Amino acid sequence: MDYTEITRVKREMPRQGDLEFSRDRELKGLIRSKNLDLLKNFAEYNEQLGIVERDVPAKAESFFSELMMRVEFGTGGKVFKESAFEDIREILKQEIPVEIQRNTFYERWLLDMTEVSRSFCETLGQDSTCFSIGSQRGCVRYHIDSVPLRVLVTYAGKGTEWLPDEAANRHAYRNGEPNDKIVKDCSAIQFINQWDVAVFRGGPKGLLHRTPDAALNGPSILMRLDHPLFWDRVLKHHYEENQNSSTKQHHRQSKGILSSTEEAAD
Ligand SMILES: [Fe+2]
């Protein structure tokens, strides 16, 4: 099923000067900013990819190192703009060890995911978003997502690998050929940096991307945001189909929470 037609948000274009951003001179299809307004307004631009550049906060490395050492997890659910912080905290409650939840950086992280989730609700013109997060990723082959827009933030580990169109053989991609046929120029391969917010298009003109080898072979923490209909039409049912009859999963389903190690993939 193709979800590229789920949404096309109509809104006024931002006035010149409202938004500080730069279109990359060397990489067509990329727009960068240090301001989350780029994410909020991305639906109005033509680029394949928008990157909101951010510094990795102090204490992030030690926090996520401990988290990844302690637990493997994958979870998700619908996050509403008005209650995003509480929704995300509830989704993660059963997944994150209590001692780590007591770390002061945990709230800092929740607040960051809240801010990005709320911003993406604005991008979509929706009151909620489909939220998923996990420590395992498995998209080996370069691919284009079948959704109109997606947000990825790699909080720990290697960020998503992507390929500019100039360096890609999209015909080979469409023919189902392997990565070495899709990549025309290995030196052009790009990576999203940790903590940067990547918003990108799927569909016929969407961004070619994959999980980098370093994240396939090692731990990482990736958050993914989608249109809320993606939860309603895909992930919710995926979860229902894959659930077993354990008490914990029944309890979690009743809260609309997904638990799957696969669903936070690039
Ligand atoms: Fe993907």
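**Confidence, core and local geometry of the predicted chain**

In this predicted model the chain averages a pLDDT of 86, and 83% of the residues score at least 70, where pLDDT is the predictor's confidence in each residue, from 0 to 100. Since the model is predicted, local features need pLDDT of at least 70 and side-chain atom pairs count only at pLDDT 80 or more, while totals for chains, interfaces and linings use all residues. Residues are numbered from 1 along each chain as its sequence is written. Over residues 1–18 pLDDT stays under 50, and the model has 25 contacts beyond four places in sequence for this stretch, two residues being in contact if their C-beta atoms, placed from the backbone, lie within 7 Å. Residues 245–263 likewise have pLDDT under 50, with 39 contacts beyond four places in sequence. Where pLDDT is low, the predicted coordinates should not be read in detail.

The chain contains ten helices and twelve strands, taken as DSSP runs (H or I of at least four residues for helices, E of at least two for strands) and numbered from the N terminus. Of the 266 residues, 41% are buried; a residue is called buried if 20 or more other C-beta atoms lie within 10 Å of its own, exposed if 12 or fewer do, and partly exposed in between, with C-beta atoms placed from the backbone. Among contacts between residues at least 6 apart in sequence, 77% join residues at least 24 apart.

The largest nonpolar core has 54 residues, of which Val-151, Val-197, Ala-198, Val-199 and Leu-208 touch the most other members; such a core is a set of buried Ala, Val, Leu, Ile, Met, Phe, Trp, Tyr and Cys residues joined through C-beta atoms within 7 Å. Val-197 touches Leu-36, Leu-39, Val-52, Arg-54, Val-116, Val-151 and Val-153, when residues up to four places away in sequence are not counted. Helix α5 (residues 104–124) has 21 residues and should span 30 Å at 1.5 Å a residue, which agrees with the 31 Å between its end C-alpha atoms; the expected span is 1.5 Å times one less than the number of residues. Just after α5, Gly-125 takes a positive phi of about 70°.

An open sheet is formed by three strands in the order β8-β7-β10, with antiparallel pairing. Strands β8 (190–191) and β10 (208–210) stand at the edges with a single partner strand each, so one side of each is left without a neighbour in the sheet. Strand β7 (residues 161–163) pairs with β8 over two bridges, two strands being paired if DSSP finds at least two bridges between them, and Trp-162 stands opposite Gln-190 in β8.

Two residues other than glycine also have positive phi. Lys-59, with a phi of about 80°, lies in the loop between β3 (49–52) and α2 (60–70), and counts as partly exposed because it has 13 C-beta neighbours inside 10 Å. Trp-195, with a phi near 75°, lies in the loop between β8 and β9 (197–201), and is partly exposed, with 18 other C-beta atoms within 10 Å.

Phe-80, found in strand β4 (residues 74–80), has 17 C-beta neighbours inside 10 Å and therefore counts as partly exposed. Leaving aside neighbours within four places in sequence, Phe-80 is in contact with Asp-87, Asp-127 and Ser-128. The C-alpha atoms of Phe-80 and Gln-126 are separated by 8.9 Å, although these residues are 46 residues apart along the chain.
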